[in-house]
Amino acid sequence: MSTNIKSVIIGTGSFVPSNIIPNKDFSEHRFYEKSGEPILRENSEVIQKFQDITEIEERRYADKEHMASDLGYFAASNAIESSGTDPETLDYIIVAHNFGDIAPGSTRVDVLPTLASRIKHRLGIKNPDCVAYDLPFGCPGWLQGMIQADYYIRSGDAKRVLVIGTETLSRVTDPHDRDSMIYADGAGATILEGREGVNEGILAHKTQTHTSDEAYYLYSGKSSNPDLISDDQFIKMDGRKIYEYALKNVPLVIQQTMEKSGTGIDDVKKVLVHQANGKMDEAILKRLFKLYGIREAPMDVMPMTISKFGNSSVATVPTLLDMILKNKLEGHQIKKGDRVVFASVGSGMNINAMVYNF
């Protein structure tokens with residue numbers, strides 16, 4: 001690995017669907033516990049408690065005619081345009097997702113061909129040396145794609161890599177599970193380029209996978225409604241265990257990554273964390289600063305979009321980054337020389353973090 005080559009972000013893009021789904025749209029749903037017992041509280045109470053915990057007020061769903069690969073293509077095109085990159089010069093296209101292309105009204109996964117191949121085809125790239133592949137890694141998938149791209153670039157194997165995170169989680173949610181209100185659709189993309197003799201770029205990263213007790217905190221399962229007889233599989237989770245797991249482990253992985261990069265807590269200008277749960281993300285930030293002896297974390301260091309966009313899995317962090325760099329997120333900017341921490345946690349259970357110098 002070359003220490004002289006840095007992986008530099010030269011372009012970003014995102015696609016946020018225009019269909020806004022407010023919390024009130026769930027008012028007529030029949031919610032059940034995972035045991036199959038109906039939840040007897042009024043839906044208004046269930047929805048308000050959900051909003052208090054997650055901070056989600058609304059989320060975005062994809063148009064019926066759009067699949068995850070379509071959203072990924074839109075975000076990729078946006079990144080290519082913003083970077084001025086000739087797509088024929090891309091060495092890799094890495095597409096992070098979890099469920100492939102899913103048609104509306106179905107939970108059937110379609111990943112043949114891979115989403116990366118579909119997106120490369122739609123971009124019109126003829127170069128066979130542009131290698132396109134998918135990366136299923138839970139919500140940390142986009143960030144893991146960035147980490148893989150960094151290895152390719154610093155090894156000298158690649159000069160430019162396009163990393164995409166795209167998902168249509170709304171199509172694998174159980175309408176009878178209150179956790180279904182968390183999930184959303186969207187896509188984000190980033191182009192990394194190898195450059196020598198620069199101060200900017202990826203400084204360090206770290207990944208962990210915990211499976212002893214944690215492997216099935218997120219899983220596919222039947223509907224919570226025992227009267228719904230179907231072979232459909234929906235995304236399910238043990239929210240309390242995920243919350244406790246994240247608070248225990250994510251701050252430590254971030255700290256280890258910061259130490260690898262020689263970054264102190266006072267050097268961090270922004271923390272871009274996966275938009276999973278508003279209260280959970282805030283608790284992660286507080287735990288991180290507590291590791292450095294700071295009791296009150298400055299909340300303005302952590303921009304959030306979850307209240308309006310929901311949790312679009314692999315798309316949350318690259319979308320957040322794109323919005324900040326293009327001055328579309330009020331109150332947040334990233335300037336030259338700023339050190340930014342990226343972090344994510346999700347099914348697997350996987351955690352990763354990265355420190356980047358802009």
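Colleague: Which residue stands opposite Ile93 in E6?

Modeller: That would be Leu162. This is a predicted model, where local features need pLDDT of at least 70 and side-chain atom pairs count only at pLDDT 80 or more, while totals for chains, interfaces and linings use all residues. Residues are numbered from 1 along each chain as its sequence is written, and side-chain values use heavy atoms, with hydrogens and water left out.

Colleague: What makes strands E4 and E6 a pair?

Modeller: Strands (E, at least two residues) and helices (H or I, at least four) are DSSP runs, numbered from the N terminus. Two strands pair if DSSP finds at least two bridges between them. Five bridges join E4 (residues 92-96) to E6 (residues 160-168), so the two strands pair. They run parallel, and they belong to an open sheet of five strands in the order E1-E7-E6-E4-E5, with mixed pairing.

Colleague: Why are E1 and E5 called edge strands?

Modeller: Strands E1 (5-15) and E5 (131-135) each pair on one side only.

Colleague: Thanks! Asn23 next: why is this residue called buried?

Modeller: Buried means under 20% relative accessible area, exposed over 50%, and partly exposed in between (1.4 Å probe, protein chains only). Asn23 has 5%, so this residue counts as buried. Asn23 is found in the loop between strand E2 (19-22) and helix H1 (43-54).

Colleague: How do you know that the side chain of Asn23 makes a polar contact with Ile56?

Modeller: A polar contact is a pair of N or O atoms within 3.5 Å; within protein, one must be able to donate a hydrogen and the other to accept it, and residues adjacent in sequence count only if both atoms are side-chain atoms. The backbone oxygen of Ile56 lies 2.8 Å from a polar atom of the Asn23 side chain, a distance inside that limit.

Colleague: And what makes Asp174 and Lys236 a salt bridge?

Modeller: The rule asks for a side-chain nitrogen of Lys or Arg within 4 Å of a carboxyl oxygen of Asp or Glu. The closest N and O atoms here are 2.7 Å apart, so the pair qualifies. Asp174 sits in the loop between E6 and E7, and Lys236 in strand E10 (residues 234-237), 62 residues apart. Both residues are buried.

Colleague: Are Arg195 and Glu193 buried or partly exposed?

Modeller: Arg195, at 32%, is partly exposed, whereas Glu193, at 8%, is buried.
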